[in-house]
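Thanks for coming. I will keep this short and go through one model, starting with its ligand and ending with a word on confidence.

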Amino acid sequence: MERVEQPGTAGDIASTSKRPLDIREHVERADYQTIGTPFAKDAKMTARNVNVYYADKQAITNVSLDIGRNEVIAMIGPSGCGKSTFLRTLNRMNDIIPICRVEGEFALDGEDIYGEEQDTVLLRARVGMVFQKPNPFPKSIYENVAYGPRIHGLAHNKAEMDEIVEDSLRRASLFNEVKDQLDKPGTGLSGGQQQRLCIARAIAVSPEVILMDEPCSALDPIATARIEELIDELRENYTIAIVTHSMQQAARVSQRTAYFHMGKLIEVGDTKQVFTMPKHELTENYITGRFG
Ligand SMILES: Nc1ncnc2c1ncn2[C@@H]1O[C@H](COP(=O)(O)OP(=O)(O)OP(=O)(O)O)[C@@H](O)[C@H]1O
Ligand SMILES: [Mg+2]
């Protein structure tokens, strides 16, 4: 079986007091090895040697993974395997869970996102998130989208803000449906429209990466198809990581797929390969429906 090349060992790293300049070269040996290609040729985000704990319970065990620029990477695996936990490490959303402790090295365009000087509000604007359940603010459609650009000072006047709001709603393919009711509450929209509103809200601050945690699980097939088309369009300008329970969805929208099992990254590779020729038995069992 093909093994991931793992240059350096925990011992090598421990013997140098300085942080490695290129964290891409720093992968520790774990009690298991991820099969496939966790490294992207052109990485937008880099996660190395990630361990996550909730109090003393370990939820992620030694995961190293790149998110490639302008790619959609799907994260799949049985319930409780740590998909959401791992996704949240990428924009430090786990910081707000007091019992959660994150270890590892994370970079966005080579910049340490867990560094002391990192502003998490700014980070979450650069690495936006769309949640499983659409969660518009209890404000108007316009204000839902304008909120982020306002707190980040992205518009100098009303005309500029109007333009950002319209452009974001257009890119989320919602504008035509809501253009005559921008002052109506966002919570009054249908589930699929609310999810597109949340996507518009996420892209309004011009993020570089969008994390989506089961964004279609509350939607019907038509709304789901709209979101999937949108993900494909957004890939031109953004980098996207999506957690999904739907293998069809992963196959349709992603170029790479990562299979998690009990907190470990078991296999990662080109989506087509993972779904047609999985290399690990656990991946095969999962995608053929024998597990999870
Ligand atoms: N806030 C939390 N406090 C304590 N334990 C947590 C918390 N969030 C997740 N966990 C635990 O961490 C493990 C991984 O959970 P996580 O939610 O990341 O899994 P998941 O793969 O996203 O599952 P699902 O597919 O059901 O959403 C589970 O054992 C879960 O119980
Ligand atoms: Mg989850």
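Predicted model: local features only at pLDDT ≥ 70, side-chain atom pairs only at ≥ 80, totals over all residues.

Next, a pair of helices. Helix 4 covers residues 141-151 and helix 7 covers residues 191-203; they pack with their axes 7 Å apart, at an angle of about 30°. Angles under 35 degrees count as roughly parallel, so helix 4 and helix 7 are roughly parallel to each other. Their crossing is right-handed.

Which residues meet there? From helix 4 we have Ile141, Asn144, Val145 and Gly148, and on the side of helix 7 they meet Leu197, Ala200 and Arg201. By type, this contact of helix 4 with helix 7 divides into four nonpolar residues, two polar and one charged.

Last, confidence. The average pLDDT over the chain is 90, and 90% of the residues score at least 70. Where does the pLDDT fall below 50? That is the case over residues 1-21, a stretch that has 28 contacts in the model beyond near neighbours in sequence.

That is the end of my part.

Notes: Residues numbered from 1 in each chain as written. Chains lettered and ligands numbered in written order. Axes fitted to C-alpha atoms, helices over the stretch in contact; angles between N-to-C directions. Helix = DSSP H or I, 4+ residues; strand = E, 2+ residues; numbered from the N terminus. Parallel < 35°, antiparallel > 145°, perpendicular 65-115°, else oblique. Left-handed = near helix turned anticlockwise from the far one by under 90°. Contact = placed C-beta atoms within 7 Å. Nonpolar A, V, L, I, M, F, W, Y, C, P; charged D, E, K, R; others polar. pLDDT = per-residue confidence, 0-100.
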